[in-house]
Amino acid sequence: MQTSEHIKLPQGSLEKQTTTLNFGPTHPATHGVFQNIVELDGERVIDATQTVGYIHRAFEKIAERRPLYQITPLLDRMNYCSSPINDMGWHLTCEKLLGIKTPKRVDYLRVIIMELARISDHLICNSIVGVDSGAYTGFLYVMQYRELIYEIYEEVCGSRLTTNIGRIGGFERNFTPQAFEKLEKFIKEWPPVLKEFESLFTRNRIFMERTIGVGPIAAERALNYGFTGPNLRAAGVDYDVRVHTPYSSYEDFDFNIPVGKTGDCYDRYLVRNGEMWQSLELIKQAYKKVQEFKGADSEIFHADVPEYYLPDKKDVYTKMEALIFHFKIIMGETDIPAGELYSAVEGGNGELGFYLISDGGRTPYRLHFRRPCFIYYQAFTELIKGGMLSDAIITMSSLNIIAGEMDA
Amino acid sequence: MVLTNESIKQKLTEKFGDQLIDWEEPFGMLTFTAQKDLNLKVLQFLFDDVELKFQFLTDLTAVHFPDRKNLELAIVYHLHNLIDNIRIRFKVYTDISKPDVFSATALYQSANWMERETYDFYGVNFVGHPNLVRILNVDEMEYFPMRKEFPLEDQSRLDKDDEMFGRGGALAAGNERSNQGTISGNDKDELLKH
């Protein structure tokens, strides 16, 4: 005993029974910048430690200096697979603080954009689970149709990935006829594609063998770990912010919440797929409701809040009031009312919350983001312990860990 | 029994008496404050009580109020009862020179990283936390960056000449170190002729 203490064997030498593997920070299979230090016995995972924060950009600190409308571009860079949901969540938070009531048409247009974002988010996640189990085809095939969603964003706000879509009170401009054309195209072309995607995976023997029983979590543990969103619903808890605390007129819609049972990778896959179908239903219903607006109502795309919503450019040059508001908004010289609130939306990964404290100044006194990824990623060790290393990789992609959201 | 803000307040007052203070309802969410050594007792009661069942920790964070003497840091818990679908906000205040608060990790696994994040940015020392180390910032950092004594840089300052980051443009106009990307005086005249 005495001697062995003095002999320092190099790490990973024969006498050490287990292998330490550095998985990340930049590994193709992590799909993001974060590190797992995995302790392996052969191919079996016996322990894992996560290191996060590689792309921490101090958004909460930066937000303390910015007027409300300048915070939106920061949020695009959190969960960049579904940035419109982040943007809308922030606008809804601001509107709650400022007491702005948005017109119904704006709510429905927002639902369309948010559900499109949810589809693109789940699509990435599910097809990446396919890639990690060895099926590249599905991923390449559906990317073409995510493009259709991005083209709709482009038509509405001009950008694709980090969208900065919408404004406090509504949208920056009305949806163009081309935007609706593209939406119709998507509604028509998307169902057969999703159907085909499902037929590639759902009953595929190899895919089922790779995912059933892999990385499971019980409902009770999932709740204790703060799971939300599809990952919690896969464990059998039907908690969805859209239903529990409806925002943006979600109470006007008729839709189901798919739930799983075991919380393993296969159930998470099924829940996300089911949600994509439900999102499509929501888009159809919302589009129908939007079409029902006639005359002047069909031109409404923002609430009447001159203090926070930029006036028309031609008014800025001709009207004194519009010029004043334009200047005040751009320079961030509007004092926001004091208040403290928590507001949440159902993001791609779960409950995306905003805890905002305003002391009556021009910028938030404190802004904290509840980032679902950050909270549930800590359960990763428990999910993969005792499994194979290759299962750990599938589990990670099926949890849909987005480094940008985790690190904020 | 359907839980309402009033019934929650009543239950808590029955149990803790006047130890819970600052009852508020901003935007409909019941908010209250307790002494910092009571935080675990209150959380445990909210968790275990058969009617309250606040078993989901939505969010845990801190806020810095430099003007409140001896109560500079607020630790804010957002709790959710998923069955009755009601949320509450619970706060404890602590002295910034001795920021010791009991950790909630024994009740909620999710508190683990949230407390690490709060420690990382505000320096709240969670007593009983299994692994209280920095999480998002580098390990070598010696300060707690979200505290208010670290203001963000004034974006309009002129004493700093770092053209690489797009600042100091006004100064650089009359500067001899004009680089190739900018239009020099002669080129400007050329352009104006056309």
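In chain B, 48% of the contacts with a separation of 6 or more are between residues 24 or more positions apart; two residues are in contact if their C-beta atoms, placed from the backbone, lie within 7 Å. The model is predicted: local features need pLDDT of at least 70 and side-chain atom pairs count only at pLDDT 80 or more, while totals for chains, interfaces and linings use all residues. Residues are numbered from 1 along each chain as its sequence is written, and chains are lettered from A and ligands numbered from 1 in the order in which they are written.

Chain B has five helices and seven strands, in the pattern α-β-β-α-β-β-β-β-α-β-α-α along the sequence. Helices (H or I, at least four residues) and strands (E, at least two) are DSSP runs, numbered from the N terminus. Of the 194 residues of chain B, 34% count as buried, that is, with 20 or more other C-beta atoms within 10 Å of their own, where 12 or fewer would be exposed and values in between partly exposed, with C-beta atoms placed from the backbone.

Chain A is divided into domain 1 (2–51) and domain 2 (59–407), with bounds from an automatic or database domain assignment. Their centres, taken over C-alpha atoms, are separated by 36 Å. Domain 1 of chain A puts 15 residues into the contact and domain 2 of chain A puts in 19 residues. On the domain 1 side, strand 2 and strand 3 of chain A are the elements that give two or more residues, and strand 3 gives the most, with six residues.

Strand 2 (residues 35–41) and strand 3 of chain A are joined in the antiparallel sense over seven bridges. Asn36(A) stands opposite Gln50(A) in strand 3 of chain A.

Next comes a helix pair. The axes of helix 5 (residues 104–132) and helix 17 (residues 389–399) of chain A come within 8 Å and cross at roughly 170°; axes are lines fitted to C-alpha atoms, for helices over the stretch in contact, and angles run from 0 to 180 degrees between N-to-C directions. Helix 5 of chain A is therefore roughly antiparallel to helix 17 of chain A, a label for angles over 145 degrees, with under 35 roughly parallel, 65 to 115 roughly perpendicular and the rest oblique. Ile128(A), Val129(A) and Asp132(A) in helix 5 of chain A meet Ile393(A), Ile394(A), Ser397(A) and Ser398(A) in helix 17 of chain A.

Note on methods: Pairing = 2+ DSSP bridges.
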